[in-house]
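Me: Please go through the helix packing and the domain arrangement in the model shown here.

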Amino acid sequence: MSILNSNIPEGAIAEKWSNHKAAIKVVSPANKRKLEVIVIGTGLAGASAAASLAELGYNVKSFCYQDSPRRAHSIAAQGGINAAKNYQNDNDSVYRLFYDTIKGGDYRSREANVHRLAEVSPNIIDQCVAQGVPFAREYGGLLSNRSFGGVLVSRTFYARGQTGQQLLLGAYSALNRQIAAGGVKMYTRHEMIDLVKVDGKARGIIARDMVTGELKRFGAHAVVIASGGYSNVFFLSTNAMGSNASASWVCYKKGAFFANPWYVQIHPTCIPVHGSQQSKLTLMSESLRNDGRVWAPKKLEDAEKLRAGIIGPNDIADEDRDFYLERRYPSYGNLVPRDVASRASKERCDAGFGVNSEGKAVYLDFKYAIERLGQDTIEKRYGNLFQMYEKITDVDPYKEPMQIYPAIHYTMGGTWVDYNLMTSVPGLYAIGEANFSDHGANRLGASALMQGLADGYFVLPYTIGDYLSGEIMVPKIDTKSDEFEVAENGVKARLDQLFNIKGKTPADYFHKKLGQIMWDEVGMARNAEGLNKAIKEIQALRAEFYSDLLVPGELMNVNPELEKAGRVADFIELGELLARDALNRKESCGGHFREESSTEEGEAKRDDENFAYVAAWEFKGVDQEPTLHKEELHFETIHLTQRSYK
Amino acid sequence: MADKILSKIHVKVWRQNNPKAKGKFETYTIENISQGNSFLEMMDILNDQLIREGKDPVAFDHDCREGICGMCSLYINGHAHGPDSQVTTCQLHMRKFNDGQTITVEPWRVGAFPVIKDVMVDRTAFEKIQQAGGFVSVNTGGVPDGNTIPISQIDAEEAMDAAACIGCGACAATCKNSSAMLFLAAKVSQFAKLPQGQVEAKTRAKSMYAKMDELGFGACSNTGACELACPKSISIAHIARLNREYLKAKMAD
């Protein structure tokens, strides 16, 4: 074990970023032209980084597995993006956004990174407006805001329930401009399969062309991972079907430490699971909690009748409804943070008050808002979400409350990075959801979009220059070198290995089984016994995978089953690391709830004395235990206290 | 909400091993499909069955499965995204189908979207149209405060109506001329309604239009079929606005 240095600049919290920018090196325009950067992923972080780096003059190669960069899963973010603009005159400020984010993350994020995030947040809104992002407006023509969970101000900017789509299309348009100008070479339907290091530095990748099956080598002076999170380790999540951890995972295996893998966000308002053949879960935006009231029946007999379909929710009188968030958390009410709301729903359902046939759902009711504001207003605010709900469930949410239940949604953990967003491999960066740094143990709503764009537009373009200034004498990377040869041969051998198992079972079976283990033992609440059991079960699943996997089709053609097999193999290894991390962290914090560590009211109980650190894991071999490295978290500005939303 | 089970359905699907191969329909039968399943979950079940039978599964595009990424692209029983309205294929549910029914699944049939494999097509042509001017030329940094440009709520809402396009290609797949006018109009119209889009309005309309023609998409004959097929209900009024923008640009030449 070692103590990690996160390279946090000196000075007061509000001066660190300015001081750092003044101190770091800059690359001249003439030299930028000679340098190449690879960016993996084209979501908010990847697209904004690729476009901004190309505008600066670097030669960028951008990769995505979809047929267009516009389809990255940032597109599905619904509710909004936070920024400390204080346009509402409600006493918002950079400090308040910083404070809310640290508290929301249950004091497990890095102060200096979070303050920088809050500082650049206003610039993001300006940038998006300039690109033509159609944010919601007030009658006077100025930008509109709404409220999100875990805060007492209105600082969330939005474009109906499609904010992620509009922000991504903004970044995509900037990317398209650079593709047309020649600054970015775009590789769609290409998947990164390995990282190539030369003399210890990240110097390129091996990618598979998903149309022809061909393996290709790409060299660069730096590599940026912006490939998103790993929620799909649970199989059922709100992530896209293709969202995967493989780019991050090959970097882990090449020496990039993986931090806080258990910090996974469980979002309280998703459409409940139906049956056993479901392929993914659909989120209903947190913004709905602005106007919807969450409740479960007060009486157990009502819950039983609801489950049996004898009565419907509208048959239950107001006085027999338990608005349990308003009851337990009077000051934040329905707008408590996600981890708190999720646990409260689970508590009600575990106590027998669940309302669907499986007993795993509560209500999100708009009746009161419709009475107060009229259906037109609600339709204007959330129309697309209501339509989506009705198409999936066949129930009209204007007439009957939505059924909701928590689901895996986002991963706060990820590749460890220092203040410059560089991983523990020189020249390898991780940005957006792929890194770990800003959200601690729980992310606040509307902060993922903020972080992705902050990293891509306003942080990485500065900090990468500091590293690249030392690379200006390095000629174009030779992809015929031994290092590339060895990496490509390794990839070939691995693909052959998957193909040649020739078992009886498709990859999805293993993925579902992994997801079930994860949800049962490493899910919303966990304990040492269950985690140890999970580790054994995952190891057994890995052995089964390598003896019984069946990959159909051809190696040199379109082959979605081969792609899945590779991703599932990585998820199985990642799942084990996740369980190990949860086992190591004996405290509860944010989304991480250890049953052994809770307050009398059932809230997460932190242990600052022993666990105020980032757990960064180093790969030692598939069958070896990883090594734990610690980054101590120092809270110089904010006083550590038990989080309360009462 | 107990969903009915379809005891048997027949899926007649286009099979084509690669862009150059000759394609043909194959029909497969699957049993016990819950009507609560989405259409693509039914396709997953079909593929699981094919793999276990030692056959090649059907390659199809999909990703977010919540109707926003625009990746899924199936032509089902003669309709882009199937028989439901205002949904993508991934949001289509099996409750729209009956027991014993034969469901025909084809790729988008558009010359500018060649088949890659089975029902998966290459929509790079849409990328090229966007790259020809679907942006406001601003670099990162150095832009004014967001509130220095007031935009009327009506204009912002209309821009948003257009910007809701997901780039799936259902419009071109439905059009008898394989025209991409609704797709192009959505982008041009979004910027036409916003002050940020005015500076480059003329070059944008002309270069994007020219690129669309060059890529082999057909002309628009105003049948309105695209609007009906569009999962986001983008109105053909945006095509009228595109034509106005184009005409204004041409007159200024």
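Me: What is the handedness of the crossing of α16(A) and α17(A)?
Reply: This is a predicted model, in which local features need pLDDT of at least 70, side-chain atom pairs count only at pLDDT 80 or more, and totals for chains, interfaces and linings use all residues. Residues are numbered from 1 along each chain as its sequence is written, and chains are lettered from A and ligands numbered from 1 in the order in which they are written. A crossing is left-handed if the near helix is turned anticlockwise from the far one by less than a right angle, and right-handed if clockwise. For α16(A) and α17(A) the crossing is left-handed.

Me: How many nonpolar residues does the contact of α16(A) with α17(A) have?
Reply: Contact requires C-beta atoms, placed from the backbone, within 7 Å. Residues of α16(A) in the contact include A:L531, A:I535 and A:F545, and those of α17(A) include A:I572 and A:L583. Ala, Val, Leu, Ile, Met, Phe, Trp, Tyr, Cys and Pro count as nonpolar, Asp, Glu, Lys and Arg as charged, and the others, Gly among them, as polar. The contact has three charged residues, three polar ones and, as nonpolar, 12.

Me: What separates the centres of domain 1 of chain A and domain 2 of chain A?
Reply: Chain A is divided into domain 1 (267-407) and domain 2 (482-610), with bounds from an automatic or database domain assignment. Six residues of domain 1 of chain A are in contact with five of domain 2 of chain A. Taken over C-alpha atoms, the separation of the two centres is 31 Å.

Terms used. Two residues are in contact if their C-beta atoms, placed from the backbone, lie within 7 Å. Helices (H or I, at least four residues) and strands (E, at least two) are DSSP runs, numbered from the N terminus.
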